[in-house]
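Here's a quick tour of one model, from its charged side-chain pairs to its pocket. Have a look at the structure first.

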Amino acid sequence: LEYQKGYDLTIQVCRKLMDKGLKFKWFVLGEGTERKNLEQMLKRQGLQDTLFFLGIRMNPYPYFKYCDIYIQTSRHEGYVTTVTEAKVFNRPIICTDVSGAREQIEDKITGYVVDFYVDEIANRIFDLSINKNLRCDIEKNLILQAKEHERENYMMPFI
């Protein structure tokens, strides 16, 4: 829960989605120096029953397995490991356009790479939330991509 991760933006996105009438739960794993500030912002926005800061979890994989969409709202990152983890679980991904995002996500095929704007992130989440076919198409593309990578790695000669 650090400034670079953009959770202040996440709270604004949640407010926008709630105002559009979308019903959802958003879970955030991890800790950091911004936790108190974020919790105060969450309370001011009245989102305590929608967005949950769960702290550190020893095993984050059940959260990937059972989520509908994985969302990364970072201001900047190196290689986004959590995007790779979401791909392993074939979850549609929405990621801000940080370093490495376009190498990991085929925009509109395996997820969305978006600019760091509340409206753009909220619109992509809304689209994926209300359009189950779109979500399923992205999940299928992620499965096909994983199979292709597996096939490529299997076919590589040993040296």
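This is a predicted model: local features need pLDDT of at least 70, side-chain atom pairs count only at pLDDT 80 or more; totals for chains, interfaces and linings use all residues.

## A pair inside one helix

E39 and R35 form a salt bridge, with the closest N and O atoms 2.8 Å apart. A salt bridge here is a side-chain nitrogen of Lys or Arg within 4 Å of a carboxyl oxygen of Asp or Glu. Both sit in helix α2 (residues 35-45), four residues apart, so about one helical turn separates E39 and R35. Helices (H or I, at least four residues) and strands (E, at least two) are DSSP runs, numbered from the N terminus.

E39 is partly exposed, at 34% relative accessibility. The cut-offs: buried is under 20% relative accessible area, exposed is over 50%, and partly exposed is in between (1.4 Å probe, protein chains only). E31 joins in too, linked with R35 and E39 in a network of salt bridges.

## Ground rules

Residues are numbered from 1 along each chain as its sequence is written, and side-chain values use heavy atoms, with hydrogens and water left out.

## Other salt bridges

The structure holds 10 salt bridges. One of them joins R124 and D127 at 2.8 Å, N to O. These two are three residues apart in helix α6 (residues 118-130), about one helical turn. R124 is partly exposed at 22%, and D127 is partly exposed at 27%.

Then there's K5 with E77, whose closest N and O atoms are 2.6 Å apart. This pair links distant parts of the chain, 72 residues apart: K5 is in the segment before α1 (7-19), and E77 is in the loop between β3 (70-72) and α4 (81-88). K5 counts as partly exposed at 24% relative accessibility, while E77 counts as buried at 16%.

## The largest pocket

How much space lies in the largest pocket? About 960 Å³, a volume being the space filled by probe spheres set on grid points joined across faces, edges and corners. A pocket is an open set of points on a 1 Å grid over the protein atoms alone, where a 1.4 Å probe fits, with protein on both sides within 12 Å along at least five of seven lines; lining residues have an atom within 4 Å of a point.

The lining has 39 residues, with W26, F27, I69, Y70 and I71 nearest the pocket's centre. Elements supplying at least two lining residues each include β1 (26-29), α3 (61-66) and α6.
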